[in-house]
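Hi everyone, thanks for coming.

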Amino acid sequence: MCIIGCICFIIAITRVTNEEYKFYVEHYEDCKEGYEDCMDEAKYGGMFSGSYRSIASTYEDMMEDDMKEIWKYRGTAIACCIAGIGLVFVGYKNIKKGGEV
């Protein structure tokens, strides 16, 4: 059980260090920056302020989509960590009692 628990931890780490997860995090940051820039321009954009707000809205939608994807990876990692902790704990108790490994 301890070995399976350790494997769960490895799976959790790989869920938040893979390239797809990094892409969504970077894309989220880029969208956030674009949103902030557009909102700043909308304040002083005069007759183009509506266009800047429309573009900012698009960035906001992309940020929401990215955050959903990010939390899919994080949720899996959290679940694997919880399972890993449980398995290591049960395995350790079993070893301490003199049971089979």
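When I say helix, I mean a DSSP run of H or I with at least four residues, and helices, like strands (E, at least two), are numbered from the N terminus. By that naming, Cys-38 belongs to helix 2.

Some housekeeping. This is a predicted model, so local features need pLDDT of at least 70 and side-chain atom pairs count only at pLDDT 80 or more, while totals for chains, interfaces and linings use all residues. Residues are numbered from 1 along each chain as its sequence is written, and side-chain values use heavy atoms, with hydrogens and water left out.

Back to Cys-38, then: buried or exposed? Buried means under 20% relative accessible area, exposed means over 50%, and partly exposed is in between, using a 1.4 Å probe and protein chains only. Cys-38 comes out at 9%, so it counts as buried. Leaving out residues up to four places away in sequence, Cys-38 touches Tyr-52, Ile-55, Ala-56 and Tyr-59, where contact means heavy atoms within 4.5 Å.

Now for helix 3. Helix 3 runs over residues 49-96, 48 residues in total, and spans 68 Å from first C-alpha to last, close to the 70 Å expected. That expectation is 1.5 Å times one less than the number of residues. Its buried residues include Ala-56, Asp-66 and Tyr-73, and helix 1 (2-15) and helix 2 (19-44) are among what covers the buried ones. Just after helix 3, Gly-98 has a positive phi of about 90°.

Which residues does Asp-66 contact, setting aside neighbours within four places in sequence? They are Tyr-24, His-27, Tyr-28 and Cys-31.

Tyr-24 brings us to the rings. Rings of Phe, Tyr and Trp (its six-membered ring) pair if their centres lie within 6.5 Å; planes under 30 degrees apart are stacked, over 60 edge-to-face, and the rest tilted. That rule gives three aromatic pairs. Phe-23 and Tyr-24 have centres 5.4 Å apart and planes at 70°, so they are edge-to-face. Tyr-24 also pairs with Tyr-73, and that one is tilted, at 6.4 Å centre to centre with 40° between the planes. Since Tyr-24 sits in helix 2 and Tyr-73 in helix 3, the pair ties together parts 49 residues apart in sequence. Taken together, ring pairs link Tyr-21, Phe-23, Tyr-24 and Tyr-73 into a cluster.
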